[in-house]
Amino acid sequence: MPTAIAVTSDDLVLPAPDRHTPGAALLHPPEQYDLESALAGASALLERHGHLVALVPPWLPRSTVQRLHTVRAILETDRIALLDIDLPPLGTALLARQLRQLSVCDFSPGIIASAARLLSHYIYAGALLGSVAKLDRVRVPVGLGAHARSWSPSAQFAVLAHPTPHLAKLGSTGTGRTGRSGSHGASHAAHGAAPAALPAGPDFATHLTFARGQLASDWVAAELGPAWQVQGVMENPLPAASPAWWGTPKLVEFAAGIPDLSVLYQLVASVRREQCRWCGLELIGDRCGFCAAPLTAPPPSAATPAGTGRSRP
């Protein structure tokens, strides 16, 4: 069986792009499952799949994160990877689907776990917002002018949170200058004002997934998608965590990523494979996804005599 890919809520499970892509495992939060049920569920997943890879974004409730670590500690297993992935909710769901796609390939569990950090660099995650008054909390710089314009009932802002933060105010009709490799979209010339400079999109083929909150706008599908030259657009229900993450329920969240399994496979396969010095699993990048050990041992501290051995990271 392929390595199990787990998320913490069913609204982070995007539809499979084909019949070969398995579904995601669901690790219920403490308010839904008691500890005994959580242990039984995790044990069943390990028995069936061998290894479990769970995405643990920083916006999860503290009680949920503590439960995940408690389950792994009580089971005393090194076959559960808890991956700290800093993406917005819809971007997290997109990454989980890409890992689900890769789980049926001939990659070892260690490669799949460490591939999450690599693939996250190729996800463009953002949102169309009706207010940016509380956006600073997600590390997207917001100037005083944008804060002031948030009070306008017709204000709309295009925000890219990943991979490079970017904020642009759109017109009242949700128009602006979008681009991919220099291409441009709608213009405000008829209104005598220069259009907002929106972030350039990815320079590789992507599909765009979006989810509507309480903002009535077709800008993401009608303007952003064509400007970014995406190969397809899919609407999905809004994750429950999205309004809190973006600081407003008036939003349309979006995430663009590589849809083709063959491209994902080549991307991961092209990276040099190493062996974890602690647990022995294969990995790519500079850190093991299962035991979190760095690829290279840290230099010995002055207080640690040479030859006294190593300690687990």
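1. Among contacts in the chain between residues at least 6 apart in sequence, what percentage join residues at least 24 apart? The figure is 71%. Contact here means heavy atoms within 4.5 Å.

2. Ground rules. This is a predicted model, where local features need pLDDT of at least 70, side-chain atom pairs count only at pLDDT 80 or more, and totals for chains, interfaces and linings use all residues. Residues are numbered from 1 along each chain as its sequence is written, and side-chain values use heavy atoms, with hydrogens and water left out.

3. Overall make-up. The chain has eight helices and 14 strands. These are DSSP runs numbered from the N terminus: helices are H or I with at least four residues, strands are E with at least two. Of the 313 residues, 49% are buried. Buried means under 20% relative accessible area, exposed over 50%, and partly exposed in between (1.4 Å probe, protein chains only). The chain exposes about 14,700 Å², and carbon and sulfur atoms supply 54% of that area. Accessible areas come from the Shrake-Rupley method with a 1.4 Å probe; for residues, only the protein chains shown count as cover.

4. Aromatic pairs. A search of the whole structure finds seven. The rings of Tyr124 and Trp228 have centres 5.9 Å apart and planes at 75°, so this pair is edge-to-face. The criteria: rings of Phe, Tyr and Trp (its six-membered ring) pair if their centres lie within 6.5 Å, with planes under 30 degrees apart counted as stacked, over 60 as edge-to-face and the rest as tilted. Tyr124 sits in strand S5 (residues 124-129), and Trp228 in the loop between helix H6 (219-227) and strand S11 (232-235).

5. Trp228 has 0% relative accessibility and counts as buried. Phe254 is buried at 3%. Tyr124 is buried too. One aromatic cluster takes in Tyr122, Tyr124, Phe204, Trp219, Trp228 and Phe254.

6. Around H6. Buried residues in H6 are Trp219, Val220, Glu223, Leu224, Gly225 and Ala227. Gln229 follows H6 and has a positive phi, near 55°.

7. H4 against H8. The axes of helix H4 (residues 109-120) and helix H8 (residues 261-269) come within 10 Å and cross at roughly 100°. Axes are lines fitted to C-alpha atoms, for helices over the stretch in contact, with angles from 0 to 180 degrees between N-to-C directions. H4 and H8 are therefore roughly perpendicular. Cut-offs: under 35 degrees is roughly parallel, over 145 roughly antiparallel, 65 to 115 roughly perpendicular, the rest oblique. Ile111, Ala115, Leu118 and Leu119 of H4 meet Leu264, Leu267 and Val268 of H8. By class this contact has seven nonpolar, no polar and no charged residues. Ala, Val, Leu, Ile, Met, Phe, Trp, Tyr, Cys and Pro count as nonpolar, Asp, Glu, Lys and Arg as charged, and the others, Gly among them, as polar.

8. H3 against H8. Helix H3 (residues 89-102) and H8 have axes that come within 10 Å and cross at roughly 85°. They too are therefore roughly perpendicular. Gln98, Gln101 and Leu102 in H3 meet Leu261, Leu264, Tyr265 and Val268 in H8. The classes are five nonpolar, two polar and no charged.
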